Amino acid sequence: MKIIIIVIAAVLLLLLIIYINHHIHLKKEAELRLPLGQMVEVGGHNMSIYVEGTGDTTLVFLSGGGTCSPILDFKSLYSLLIDKYQIAVVEKFGYGFSDVVDKERDIDSILEDTRTALAAAGLNAPYVLCPHSMSGLEALYWAQKYPDEVTAIIGLDMAVPEYYDSMNINIPFMHISGWAANIGITRLIPGISDSDAIKYGTLSDAEKDIYRAIFYSRTATVTMLNEIGQVKENAEKVNSMGVPQLPMLLFISDGSGGTGFDQETWRKIPTEYISQIDEGEYIELDCPHYVHDYEYKTISESIIAFLSGR
């Protein structure tokens, strides 16, 4: 019993040291976490929107689940588009520079937050939506619920409802990840903060430092966990409303990079989905799930060609 008490005390002391170290670093990194875009009020909380570029067409980028810094994650791609289009990156609650809020993350709440934030930032529909991964559900629902606000969807390896029929989401593991991030244990894991955007994109060294600082404050936040916890229900709702008919271009990865699917299955689901859309096209890319961090040049050229033909 005495040995057990000593071990428990040692573990608690170690966790306390890790926690203190984490908060010392968070304080030092405060200047790195100053918003890159503008902060708008949504439901009494602050939400981050980044706007750049000119043009009559606005491309709205929506991040995948758990992407800690959407503004920097998409930068390698949108920096190649800003001379032709206005771009907007929406950072949902719990992501990037937005507030962490413990609230419901049903598909209606997520969409209305996004619409409110864009309006507060002075942007008006219609938009071309550019969702990555899980935000594909939001984009499809947007086109279903407000068809006049969406002129096209450009899916960056975006999710469609059928993925969630068989997807195994380990909620307990996600909560453990959130706890580890809050304590600061993630700081002890070498290279964990180096996202695909850092390793394969075109970010500057200063932007990489910002990304890492955001990672340590926006990993597995309670808002992200709430969103993931409701994703299957959200997928069912989107699926129940049918397939929206509008111009759609899907970029499809090889399924690697954390999707949990083999390449054949990962590609089969969206190609079957897009076959139901009259003005639907798809392009298969030989790269992992965060396609915009690998094939940003090919994707930007294909987006310009796709939109120019409309």
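Buried means under 20% relative accessible area, exposed means over 50%, and partly exposed is in between, with a 1.4 Å probe and protein chains only. By that cut-off I logged Ala220 as buried, because its relative accessible area is 10%.

**Entry 1. Ground rules.** The model is predicted, so I kept local features only at pLDDT of at least 70 and side-chain atom pairs only at pLDDT 80 or more, while totals for chains, interfaces and linings use all residues. Residues are numbered from 1 along each chain as its sequence is written, and side-chain values use heavy atoms, with hydrogens and water left out. I took helices (H or I, at least four residues) and strands (E, at least two) as DSSP runs numbered from the N terminus.

Entry 2. Most residues other than glycine have a negative phi, and most peptide bonds are trans. I looked up the exceptions. Ala220 has a phi near 50 degrees, a positive value in a residue other than glycine. I found Ala220 in the loop between α9 (205–215) and α10 (222–229). Ser133, also not a glycine, has a positive phi near 55 degrees. Ser133 is in the loop between β5 and α5, and I noted Ser133 as buried because its relative accessible area is 15%. Ala125 and Pro126 are joined by a cis peptide bond with omega about 10 degrees. I placed Pro126 in the loop between α4 and β5.

**Entry 3. α4 against α5.** Two packed helices are described by the angle between their axes and the distance between the axes. I used axes fitted as lines to C-alpha atoms, for helices over the stretch in contact, with angles running from 0 to 180 degrees between N-to-C directions. Helix α4 (residues 107–120) packs on helix α5 (residues 135–145) at about 80 degrees, with the axes 10 Å apart. I therefore recorded α4 and α5 as roughly perpendicular; the classes are roughly parallel under 35 degrees, roughly antiparallel over 145, roughly perpendicular from 65 to 115, and oblique for the rest. Contact here means heavy atoms within 4.5 Å. From α4 the contact residues include Ile107, Leu111, Arg115 and Leu118, and from α5 they include Leu137, Tyr141 and Trp142. I counted 7 nonpolar, 1 polar and 5 charged residues in this contact. The classes are Ala, Val, Leu, Ile, Met, Phe, Trp, Tyr, Cys and Pro as nonpolar, Asp, Glu, Lys and Arg as charged, and the others, Gly among them, as polar.

**Entry 4. α1 against α7.** I listed Leu15, Ile18, Tyr19, His22 and His23 of α1 and Trp179, Ala181, Asn182 and Ile183 of α7 as making the contact. By class it has 6 nonpolar, 3 polar and no charged residues.

**Entry 5. Rings.** I paired rings of Phe, Tyr and Trp (its six-membered ring) if their centres lie within 6.5 Å, with planes under 30 degrees apart stacked, over 60 edge-to-face and the rest tilted. The search of the whole structure found 9 aromatic pairs. One of them is Tyr127 with Trp142, edge-to-face at 5.8 Å centre to centre and 65 degrees between the planes. Tyr127 is in strand β5 (residues 127–131) and Trp142 in helix α5, so this pair ties together parts 15 residues apart in sequence. I noted Tyr127 as buried at 4% relative accessibility, and Trp142 as buried at 0%. Phe215 and Tyr216 also form an edge-to-face pair, 5.2 Å centre to centre with 80 degrees between the planes. Ring pairs link Tyr50, Phe61, Phe74 and Tyr78 into a cluster.

For charges over rings I required NZ of Lys or CZ of Arg within 6 Å of the ring centre and within 35 degrees of the ring normal. Arg115 lies over the face of Tyr146, 3.8 Å from the ring centre. Lys92 lies over the face of Tyr95 at 5.2 Å from the ring centre.

**Entry 6. Around Tyr216 and α10.** I returned to Tyr216, which is in the loop between α9 and α10 and buried, with a relative accessible area of 14%. Leaving out residues up to four places away in sequence, I found Tyr216 touching residues including His22, Leu26, Ala181 and Ile192. In α10 the buried residues are Thr223, Met224, Leu225, Glu227 and Ile228. I noted that their cover includes α4, α7 (171–183) and α11 (231–240).
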